[in-house]
Amino acid sequence: TKQKALMQESVTLNQEIRFLQKSLAETKTFIESIKNSSSEFIQQKQKIIEENQKRIDALRKIQEEFEEKLIQKNKDDCDRRLDQAQKQKFKLIEMNSTVESSIKRINSEIEFFKKNDICPKCHQNISDEFKIKLNEESNKKLEKYHEWLAISKPTFEKINHEIDDTQNSLQQIDEFQHEIEK
């Protein structure tokens, strides 16, 4: 809303500048057509021209300030969104890495108990009942971890899309700012 107000003010100032420039041009034309008229009349018109030019310069300065504020606000908003999205992406990557490590660990445990009937450390028998129970629990955990990975994939894509969009917005702001500075 503040951004829209700033943009509207910039448009209004631009319209006023154009109006004053047109008035200025018409006045110059009029002066040329009456050069042989009284010098007092010409001086009045030249004073009007000078005042209009000063007003145009002042309005241009105000417009530039509005545009600078608008650009900076847009940049700040984009930077904030980009930072937030990158933090979310990093957190999601960390969580997925933890989940993937857990999946590898569980798969190793399942493989260990498939291959071994005797514990290599304590040399005790590993019962089939224990193996079945452990396998069921491990499969439940694996299922939840795989569900997490499936759910996190669209979220990851959404975050990447947000990062791309925000970076594109920043690039457009920079291009707009460069155009204004010309």
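I took helices as DSSP runs of H or I with at least four residues, numbered from the N terminus. The model is predicted.

Entry one, glutamate 147. I found glutamate 147 in helix α3, which covers residues 128–181. I read its relative accessibility as 42%, so glutamate 147 counts as partly exposed. I then looked up valine 11, which is 136 residues from glutamate 147 along the chain; the C-alpha atoms of the two are separated by 52 Å.

Entry two, aromatic rings. I counted two aromatic pairs in the structure. Phenylalanine 112 and phenylalanine 113 make an edge-to-face pair, with 5.0 Å centre to centre and 85° between the planes. For phenylalanine 113 and phenylalanine 130 I noted centres 5.7 Å apart and planes at 70°; this pair is edge-to-face because planes over 60 degrees apart count as such. That pair links distant parts of the chain, with phenylalanine 113 in helix α2 (residues 39–115) and phenylalanine 130 in helix α3, 17 residues apart.

Phenylalanine 113 is buried at 18%, whereas phenylalanine 112 is partly exposed at 29%. Phenylalanine 130 is partly exposed at 42%.

I searched the whole structure for disulfides and found zero. Cysteine 119 is in no disulfide: the nearest cysteine sulfur belongs to cysteine 122 and is 3.5 Å away, while a disulfide needs the sulfur atoms within 2.5 Å. Cysteine 78 has 5% relative accessibility, so I logged cysteine 78 as buried.

How values were computed:
Residues numbered from 1 in each chain as written. Predicted model: local features only at pLDDT ≥ 70, side-chain atom pairs only at ≥ 80, totals over all residues. Heavy atoms only, no water. Helix = DSSP H or I, 4+ residues; strand = E, 2+ residues; numbered from the N terminus. Buried < 20%, exposed > 50% of the residue type's maximum accessible area, 1.4 Å probe, protein only. Phe/Tyr/Trp six-rings, centres within 6.5 Å; stacked < 30°, edge-to-face > 60°.
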